[in-house]
Amino acid sequence: KPYFNCLYLKSILDRNHVDNFNFNGCQRGYYDIIQDIDLINEFLINQTSLTLKKIRSRAISKFRNENKKFTIEQFFSKKSTQKNKKLSLRQISSHPSKIFNSFFPLVLTNPSSCSTLFPMENDFFDLVVFDESSQIKIEDCIPALIRAKQRVVAGDLNQLPPMSYFKKTIVNSADKKEINVSTKSLLDFCIDQKFKEHYLDIHYRSKHPELINFSNHAFYKSRLIPLPKTTNHTPFEFIELHGIFDQGINRMEIQKIIDYLENKIDPNYSVGIATFNIHQRDEIMDQIGLKSAKNPLFFEKIKKLRSNGFFVKNIESIQGEERDIIIISSTYGKSPQGFFRQSFGPINSNSKGFKLLNVIITRARHKVIVFSSIPNGYIEKGLVTLNEKNENRGKSIFYAFLAFVKSVSNKDEVTK
């Protein structure tokens with residue numbers, strides 16, 4: 001039977017093998033592949049379910065034969081009794097019967113919890129998968145690496161490194177010399193160690209190809225293949241304002257965003273708000289709270305949005321999120337004195353600014369709405385600088401993104 005299953009699946013894959021997945025707007029080929037994948041997944045799920053039931057049944061029989069002091073129900077009990085003390089998860093996972101693995105073949109955890117909850121055994125897990133590995137420090141995940149027979153590390157060099165990624169200075173007590181220490185991410189480590197690399201070429205998140213086109217061209221050398229669009233809606237909306245940036249806050253953008261939430265957002269969509277600093281984030285959350293307290297209808301709408309995962313996050317904490325609609329407050333604008341200082345915080349950094357921008361602009365599945373108080377003249381000058389330097393770094397790439405959003409919003413194919 002296993003040989004038949006292997007041959008059967010191989011024949012399906014052979015018949016549907018495609019060298020180039022660039023659909024070029026051809027939805028038929030895409031949906032044919034999706035249909036085949038759904039059939040294969042359904043078959044594999046059914047097979048896996050049957051296999052797990054057999055493994056679990058054998059494990060229960062073995063446990064009952066080898067353990068006469070307590071039943072399997074008592075072994076997994078969440079409460080202590082007079083006769084039996086509740087076992088910790090560490091004790092359960094370390095039990096010689098290995099019944100934990102039979103009952104829980106898939107475990108979702110973080111590296112530190114993995115160290116605490118599971119025994120330090122080589123090959124305790126058949127497979128360990130690390131997601132968002134660009135944000136994991138190598139020293140934090142060594143215990144999880146040791147516990148795996150095989151390791152899969154998924155990450156993106158064009159997204160954020162660990163937050164403590166910057167160099168630290170320590171003092172050698174023997175000779176009083178300062179030593180610079182740079183913390184590497186797990187992804188950096190794997191690349192340095194020449195792990196076998198595979199690219200995920202098909203971009204699955206965006207329901208419209210325009211949502212990934214800017215990042216694809218600017219950061220991925222146009223390697224990503226977007227799925228064909230499923231609707232004809234305009235995926236970007238650019239709302240130009242003349243807000244004042246004062247003490248880290250742009251109050252006009254905040255008010256317009258709350259008005260947009262109240263009057264234009266469908267609460268059946270999942271929504272996230274992204275800001276370019278933490279002060280703007282906090283003020284938006286405060287104003288939403290104040291308006292909710294005064295307006296019962298707005299309160300109910302926010303309640304419905306929260307049930308669908310509504311959030312307000314600043315640029316450095318949004319990685320890993322995705323929602324149907326992302327509202328971006330570009331935050332910065334002219335000062336109360338009428339000056340525009342191009343101080344965009346971490347966005348100005350040549351080393352990580354483009355990574356922050358890449359993260360914040362690729363969170364949406366359906367639509368991105370950008371509220372911008374950046375003067376047009378600076379956006380145009382930024383595009384000129386970008387062309388002259390031919391470098392997608394710093395504030396110039398930020399200006400280029402704003403110009404792109406404006407062009408798509410206005411359906412201007414020439415400037416886009």
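**A first walk through the chain**

Analyst: Ile 397 is found in helix α15, which covers residues 394–409. Keep in mind that this is a predicted model.

User: Is Ile 397 buried or exposed?
Analyst: Ile 397 is buried, because its relative accessible area is 4%, and the cut-off for buried is under 20%.

User: How far is Ile 397 from Asn 358?
Analyst: Their C-alpha atoms are separated by 10.0 Å, and the two residues are 39 apart along the chain.

User: Back up a bit. How many helices and strands are in the chain?
Analyst: The chain has 15 helices and 13 strands.

User: And what share of the residues is buried?
Analyst: Buried residues account for 40% of the 416 residues in the chain. The accessible surface comes to about 24900 Å², and carbon and sulfur atoms hold 53% of that surface.

User: What about contacts between residues at least 24 apart?
Analyst: Taking contacts between residues at least 6 apart in sequence, 71% of them join residues at least 24 apart.

User: Let's look at α9. How many of its residues are buried?
Analyst: Eight of the 10 residues of α9 are buried, so the helix is mostly covered.

User: Which ones?
Analyst: The buried residues of α9 are Glu 210, Leu 211, Ile 212, Phe 214, Ser 215, Asn 216, Ala 218 and Phe 219.

User: What covers them?
Analyst: The cover includes the strands β5, β6, β7 (236–240) and β13 (364–372), along with the helices α13 (353–360) and α15.

User: What comes just after α9?
Analyst: Just after α9, Lys 221 takes a positive phi of about 55 degrees, although Lys 221 is not a glycine. Lys 221 sits in the loop between α9 (210–219) and β6 (225–226).

User: Is Lys 221 buried or exposed?
Analyst: Lys 221 counts as exposed, because its relative accessibility is 78%.

User: What phi does Lys 194 have?
Analyst: Lys 194 has a positive phi of about 60 degrees and is not a glycine. Lys 194 lies in the loop between α8 and β5 (202–203). At 73% relative accessibility, Lys 194 counts as exposed.

User: What about α8 itself, where does Leu 187 sit?
Analyst: Leu 187 lies in α8, which spans residues 186–192. Leu 187 has 9% relative accessibility and so counts as buried.

User: What is Leu 187 in contact with?
Analyst: Leaving out neighbours within four places in sequence, Leu 187 is in contact with Ser 133, Ser 134, Gly 155, Asp 156 and Leu 157. Glu 132 is 55 residues from Leu 187 in sequence, with 8.6 Å between their C-alpha atoms.

User: New topic: helix packing. How are two packed helices described?
Analyst: By the angle between their axes and the distance between those axes.

User: Then how do α11 and α12 pack?
Analyst: Helix α11 (residues 278–294) and helix α12 (residues 296–307) pack at an angle of about 130 degrees, and their axes are 5 Å apart. That angle makes α11 oblique to α12. The crossing of α11 and α12 is left-handed.

User: Which residues meet there, between α11 and α12?
Analyst: From α11, Ile 288, Lys 291, Ser 292 and Lys 294 meet Pro 296, Phe 298, Phe 299, Ile 302 and Arg 306 of α12. By type, the residues of this contact are five nonpolar, one polar and three charged.

User: And how do α10 and α12 cross?
Analyst: Helix α10 (residues 251–263) and α12 cross at roughly 85 degrees, with axes that come within 10 Å. The two helices are therefore roughly perpendicular to each other. In α10, Ile 258, Leu 261, Glu 262 and Asn 263 meet Phe 298, Lys 301, Ile 302 and Leu 305 of α12. This contact divides into five nonpolar, one polar and two charged residues.

User: That leaves α10 and α11. At what angle do they cross?
Analyst: Their axes cross at roughly 45 degrees and come within 10 Å. That makes α10 oblique to α11, and the crossing is right-handed. The α10 residues that meet α11 include Arg 251, Ile 254 and Ile 258, and those on the α11 side include Glu 283, Ile 284 and Ile 288. The contact of α10 with α11 has six nonpolar, two polar and five charged residues.

Technical notes: Residues numbered from 1 in each chain as written. Predicted model: local features only at pLDDT ≥ 70, side-chain atom pairs only at ≥ 80, totals over all residues. Heavy atoms only, no water. Helix = DSSP H or I, 4+ residues; strand = E, 2+ residues; numbered from the N terminus. Buried < 20%, exposed > 50% of the residue type's maximum accessible area, 1.4 Å probe, protein only. Contact = heavy atoms within 4.5 Å. Areas by Shrake-Rupley, 256 points an atom, 1.4 Å probe, with all protein chains shown as cover. Axes fitted to C-alpha atoms, helices over the stretch in contact; angles between N-to-C directions. Parallel < 35°, antiparallel > 145°, perpendicular 65-115°, else oblique. Left-handed = near helix turned anticlockwise from the far one by under 90°. Nonpolar A, V, L, I, M, F, W, Y, C, P; charged D, E, K, R; others polar.
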